[in-house]
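Try each task by yourself, then follow the worked solution step by step.

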Amino acid sequence: MHRSIAKRVLGAGAVAMALAGFSPLAHGSLVVTLVPTSGSSGVLVNGNNVTINNVGDVVHFNVVGIVTGQDATPGNDGLQAAFGSIQADGNGLIGNFSSAGASTYNAVAPFNTTVQKGAVQDLNGDGGLDLGFKAGDASTNYVESRAGSVVPSTGNAISTSGGSSTFLIGTVDWTATSASGSTVAHWVPRASINTVWNEDGSATNSNGTANYTGGTGSTITAAPEPGSLALLGLGGLGLLLRRRRAM
Ligand SMILES: [Ca+2]
Ligand SMILES: [Ca+2]
């Protein structure tokens with residue numbers, strides 16, 4: 001009886017050890033997503049949430065590719081090329097991903113070996129301009145970040161976490177053309193051209209959109225009142241919640 005329990009405990013321990021880092025995942029993945037970094041005066045960036053106030057407010061985004069391999073080592077994973085489009089879908093807040101100058105997609109070295117900035121068009125019919133493709137468009141109509149070869153994470157990843165490496169592959173700006181509602185700025189993977197990354201050296205080379213997603217993107221919300229008052233309101237709410245929890 002005791003022996004069988006001991007066996008079970010040992011068995012559970014082995015499973016736990018395997019889960020802790022010795023068992024390969026079923027498959028790795030690539031996530032390309034928009035990460036807000038800053039904005040024009042008065043724009044608030046809090047993680048993946050952005051608050052704007054006025055028409056003409058600009059939000060700056062990093063476009064990052066996150067490669068997760070099948071082992072726990074990020075240094076042997078890499079990214080060669082990512083294809084997709086950039087658009088904002090939402091609840092009434094309209095803006096342009098491209099206008100004159102800085103709002104055009106900008107691939108970042110070494111992922112600017114070959115660059116397609118994407119055709120500027122309204123992909124979702126909301127009146128705001130997006131970058132890239134929609135079904136049935138010409139094959140060149142996409143946003144592209146391509147390095148000459150697979151780029152290993154060492155020296156090129158802007159961060160690593162566990163078995164994941166994050167590469168900065170581009171930047172893009174969004175400019176508000178309305179000042180109410182909200183929208184989600186995100187990357188949409190392109191299925192009809194090969195996006196290529198490497199997992200665990202040459203162990204895996206993944207193409208197309210299998211295991212390739214656009215992440216959750218970033219939520220941009222128009223403040224219903226001046227930013228400072230909104231902040232005070234949120235702070236007050238936080239205090240109230242803390243007091244309630246304390247009671
Ligand atoms: Ca649009
Ligand atoms: Ca790896």
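**Exercise 1. Locate asparagine 141 and decide whether it is buried, partly exposed or exposed.**

Step 1: Start with the place in the chain. In this predicted model, asparagine 141 sits in the loop between β10 (130-131) and β11 (143-152).

Step 2: Count the surroundings. Asparagine 141 has 17 other C-beta atoms within 10 Å. A buried residue needs 20 or more, and an exposed one has 12 or fewer, so asparagine 141 is partly exposed.

Step 3: Look for its contacts. Leaving out residues up to four places away in sequence, asparagine 141 touches Gly118, Ala119, Gly132 and Phe133.

Step 4: Check a distance. Leucine 131 is ten residues from asparagine 141 in sequence, and their C-alpha atoms are 8.6 Å apart in space.

**Exercise 2. Find the loop that holds serine 98, and explain why serine 98 counts as buried or exposed.**

Step 1: Serine 98 belongs to the loop between β6 (95-96) and β7 (106-107).

Step 2: Within 10 Å of serine 98 there are 23 other C-beta atoms. The cut-off for a buried residue is 20 or more, so serine 98 is buried.

Step 3: Now compare sequence with space. Serine 98 and leucine 129 are separated by 31 residues in sequence, while the C-alpha to C-alpha distance is 6.3 Å.

**Exercise 3. Which residue stands opposite leucine 79 in β11, and which one in β15?**

Step 1: Describe the strand β5 (residues 78-91). β5 is mostly covered, since eleven of its 14 residues are buried.

Step 2: Look at β11. Six bridges connect β5 and β11 in the antiparallel sense, and leucine 79 faces valine 151.

Step 3: Look at β15 (residues 196-199). Three bridges join β15 to β5, antiparallel, and here leucine 79 stands opposite tryptophan 197.

Step 4: Complete the picture with β14 (residues 182-189). β14 runs antiparallel to β5 and is joined to it by eight bridges; alanine 88 stands opposite alanine 185.

**Exercise 4. Identify the backbone features at proline 110 and asparagine 211.**

Step 1: Proline 110 lies in the loop between β7 and β8 (114-117). The peptide bond leading from alanine 109 to proline 110 is cis, with omega near 0°.

Step 2: Asparagine 211 is in the loop between β16 (204-206) and β17 (212-213). Although asparagine 211 is not a glycine, its phi is positive, about 60°.

Step 3: Asparagine 211 counts as partly exposed because it has 17 C-beta neighbours inside 10 Å.

**Exercise 5. How many residues are in the largest nonpolar core, and which residues does isoleucine 52 contact?**

Step 1: The largest nonpolar core has 46 residues. Those with the most contacts inside it are Ile52, Val59, Phe61, Val63, Ile86 and Ile169.

Step 2: Beyond its neighbours within four places in sequence, isoleucine 52 is in contact with Val43, Asp57, Val59, Ala176, Ile220, Ala222 and Ala223.

Step 3: Step back to the whole protein. It has two helices and 18 strands, and buried residues make up 37% of its 247 residues.

Step 4: Finish with the confidence. The average pLDDT is 80, and 72% of the residues score at least 70. Over residues 1-25, though, the pLDDT is below 50, and this stretch has six contacts in the model beyond near neighbours in sequence.

Technical notes. Residues numbered from 1 in each chain as written. Chains lettered and ligands numbered in written order. Predicted model: local features only at pLDDT ≥ 70, side-chain atom pairs only at ≥ 80, totals over all residues. Core = buried A, V, L, I, M, F, W, Y, C linked by C-beta atoms within 7 Å. Contact = placed C-beta atoms within 7 Å. Helix = DSSP H or I, 4+ residues; strand = E, 2+ residues; numbered from the N terminus. pLDDT = per-residue confidence, 0-100. Pairing = 2+ DSSP bridges.
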